[in-house]
Amino acid sequence: MADATEKTEHDRVFKKFDANGDGTISSTELGDALKNLGSVTHDDIKRMMAKIDTDGDGFISYQEFSDFAKANRGLMKDVAKIF
């Protein structure tokens, strides 16, 4: 049950970050979403992209997002509350 709830939450938050709905999160989309959460610098965005975009293609796939979310459950709960 927790896995299904967690997946639903990941889906919902991922869609908030994926503003154009193409199934990936670009650095621009990440930056825009994070700016809504508070102050963020270009370097912050670059560091986050480097950490989450594990295949280095310049986009965060749903799988990369989900892997990050599972490894950072506390952070994701905080983000989910805001979105």
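These are legends for close-up views of a predicted model.

Residue numbers start from 1 along each chain as its sequence is written, and side-chain values rest on heavy atoms, with hydrogens and water left out. Since this is a predicted model, local features need pLDDT of at least 70 and side-chain atom pairs count only at pLDDT 80 or more, while totals for chains, interfaces and linings use all residues.

**View 1. Helix 2 crossing helix 3.**
Here helix 2 (residues 27–37) and helix 3 (residues 42–52) have axes that come within 10 Å and cross at roughly 120°. That makes helix 2 oblique to helix 3, and the crossing is right-handed. On the helix 2 side the contact uses Ser27, Leu30, Gly31 and Leu34, and on the helix 3 side Ile45, Met48 and Met49. Sorted by class, that gives five nonpolar, two polar and no charged residues.

A few terms for this view. Helices (H or I, at least four residues) and strands (E, at least two) are DSSP runs, numbered from the N terminus. Axes are lines fitted to C-alpha atoms, for helices over the stretch in contact, with angles from 0 to 180 degrees between N-to-C directions. Angles under 35 degrees are roughly parallel, over 145 roughly antiparallel, 65 to 115 roughly perpendicular, and the rest oblique. A crossing is right-handed if the near helix is turned clockwise from the far one by less than a right angle, and left-handed if anticlockwise. Contact means heavy atoms within 4.5 Å. Ala, Val, Leu, Ile, Met, Phe, Trp, Tyr, Cys and Pro count as nonpolar, Asp, Glu, Lys and Arg as charged, and the others, Gly among them, as polar.

Glu29, Leu30, Gly31, Ala33 and Leu34 of helix 2 are buried (under 20% relative accessible area; exposed is over 50%, partly exposed in between, with a 1.4 Å probe and protein chains only). Threonine 28 also lies in helix 2, but at 53% relative accessibility it counts as exposed. After helix 2 comes glycine 38, with a positive phi near 150°.

**View 2. The largest nonpolar core.**
A nonpolar core is a set of buried Ala, Val, Leu, Ile, Met, Phe, Trp, Tyr and Cys residues joined through side-chain atoms within 4.5 Å. The largest one has 18 residues, and Val13, Phe17, Ile25, Leu30, Ile60 and Phe65 touch the most other members. Helix 1 (2–17), helix 2, helix 3, helix 4 (62–71) and helix 5 (73–82) each put in at least two residues. Leaving aside residues up to four places away in sequence, valine 13 touches Phe65, Met76, Val79, Ala80 and Phe83.

Histidine 10 sits in helix 1 and is buried, at 4% relative accessible area. Its touching residues, not counting those up to four places away in sequence, are Tyr62, Phe65, Ser66, Ala69 and Lys70. Aspartate 11 is in helix 1 too, but counts as partly exposed at 24% relative accessibility.

**View 3. Helix 4 against helix 5.**
The axes of helix 4 and helix 5 come within 5 Å and cross at roughly 110°, which makes helix 4 roughly perpendicular to helix 5. Phe65, Phe68, Ala69, Lys70 and Ala71 of helix 4 meet Arg73, Leu75 and Met76 of helix 5. By class, that contact has six nonpolar, no polar and two charged residues. Glycine 74 is also in helix 5 and is partly exposed, with a relative accessible area of 44%. Glycine 74 and glycine 21 are 53 residues apart in sequence and 25 Å apart, C-alpha to C-alpha.

**View 4. Aspartate 44 in helix 3.**
Aspartate 44 belongs to helix 3 and counts as partly exposed, at 25% relative accessibility. Its C-alpha is 15 Å from that of glycine 58, 14 residues apart along the chain.
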